[in-house]
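User: Could you help me read this structure? I would like to go through it step by step.
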Amino acid sequence: MLKHRVLIIFGFITLLAGCYGFHLPTSLPDPKLRNLLTTKLANLSAVVDQYFNDLHEAPTGKDPSSLLKEATHHKPELLADEFESYVLKVQYQSPYAVLLLCTLDETQAIMEDAGCSVGVDRQVTQQPTPCKFTLRVSEGCKVKGADKKR
């Protein structure tokens, strides 16, 4: 009997949480926020790219959060508050940095940028698009997989 009450209470709390919007964001940002995030991501990826260029070896075994903090230690404001509602992923493509911005539940990519290039390289406007790296950067900062409009 007590077990059933606990299950009913737990179910009710779960239902209320869903009704009152206690969920992870899964939608793409509106155009105004997207423009702001684009600028901030381009600035951040350039700094992370410079940090990677200064390394003597690949940054293995570090989580993205630690890498971002180390890369921005001199300018922590680059890790803007606007990023808190999203997930930022970092990939090292020797010696370049690629950053990927996704929804907080990591089911939808929003934008992706190689730090060595000018501007954000890939804007995701279609759903669903998995939160996976697609850009490939080769010698001389040749970015494959970037938007064609650039």
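User: What share of the contacts between residues at least 6 apart in sequence joins residues at least 24 apart?
Analyst: In this predicted model, 52% of the contacts between residues at least 6 apart in sequence join residues that are at least 24 apart.

User: How many helices and strands are there, and in what order do they run from the N terminus?
Analyst: The chain has 3 helices and 6 strands. Starting at the N terminus, the order is α-α-α-β-β-β-β-β-β.

User: How many residues does the chain have, and what percentage counts as buried?
Analyst: The chain has 150 residues, and 36% of them count as buried.

User: What is the mean pLDDT of the chain?
Analyst: The mean pLDDT is 85, and 81% of the residues reach 70 or more.

User: Which elements have the lowest and the highest mean pLDDT?
Analyst: Helix 1, residues 2-19, has the lowest mean at 39, whereas strand 3, residues 109-114, has the highest at 98. Over residues 1-24 the pLDDT stays under 50, and the model gives this stretch 3 contacts beyond four places in sequence. Where pLDDT is low, the predicted coordinates should not be read in detail.

User: Let us turn to helix 3. Which of its residues are buried?
Analyst: Leu67, Leu68 and Ala71 are buried in helix 3, which spans residues 64-71. Viewed down the helix axis, the buried residues of helix 3 fall within an arc of 95 degrees, so they line one face of the helix.

User: And what do those buried residues pack against?
Analyst: The buried residues of helix 3 pack against helix 2, strand 1 (86-93) and strand 2 (96-103).

User: Now charges. How many salt bridges does the structure hold?
Analyst: The structure holds 3 salt bridges. In one of them, the side chains of Lys62 and Glu70 meet at 2.9 Å, N to O. Lys62 is partly exposed, with a relative accessible area of 40%, and Glu70 is also partly exposed, at 30%.

User: Which residue does Glu106 meet in a salt bridge?
Analyst: The side chain of Glu106 meets that of Lys89, at 3.3 Å from N to O. This pair links distant parts of the chain, with Glu106 in the loop between strand 2 and strand 3 and Lys89 in strand 1, 17 residues apart. Glu106 is partly exposed, at 42% relative accessibility.

User: What about Arg122 and Glu112: are they buried or exposed?
Analyst: Arg122 and Glu112 are both buried. Their side chains meet in a salt bridge of 2.6 Å, N to O. The pair links distant parts of the chain: Arg122 belongs to strand 4 (residues 122-123) and Glu112 to strand 3, 10 residues apart.

User: Then which side chain does the side chain of Arg34 make a polar contact with?
Analyst: It is the side chain of Gln123, at 2.5 Å. Leaving aside residues up to four places away in sequence, Arg34 touches Leu28, Pro29, Ile110, Met111, Gln123 and Val124.

User: A new topic: backbone geometry. Which peptide bond is cis?
Analyst: The bond from Ser94 to Pro95 is cis, with omega near -5 degrees. Pro95 lies in the loop between strand 1 and strand 2. Most residues other than glycine have a negative phi, and most peptide bonds are trans.

User: Where is a positive phi found, then, in a residue that is not a glycine?
Analyst: Glu106 has a positive phi of about 60 degrees. Cys141 likewise has a positive phi of about 60 degrees, and Cys141 sits in the loop between strand 5 (136-138) and strand 6.

User: Is Cys141 buried or exposed?
Analyst: Cys141 counts as buried because its relative accessibility is 19%, and the cut-off for buried is under 20%.

User: Last one: where is Val143, and what does it touch?
Analyst: Val143 is in strand 6, residues 142-144, and is partly exposed, with a relative accessible area of 22%. Not counting residues up to four places away in sequence, Val143 touches Ala114, Ser117, Asp121, Leu135, Arg136 and Val137. The C-alpha atoms of Val143 and Cys116 are separated by 9.1 Å, although the two residues are 27 apart along the chain.

Conventions:
Residues numbered from 1 in each chain as written. Predicted model: local features only at pLDDT ≥ 70, side-chain atom pairs only at ≥ 80, totals over all residues. Heavy atoms only, no water. pLDDT = per-residue confidence, 0-100. Helix = DSSP H or I, 4+ residues; strand = E, 2+ residues; numbered from the N terminus. Contact = heavy atoms within 4.5 Å. Polar contact = N/O pair within 3.5 Å; in protein donor to acceptor, adjacent residues only side chain to side chain. Buried < 20%, exposed > 50% of the residue type's maximum accessible area, 1.4 Å probe, protein only. Arc of directions from axis to C-beta. Salt bridge = Lys/Arg side-chain N within 4 Å of Asp/Glu carboxyl O.
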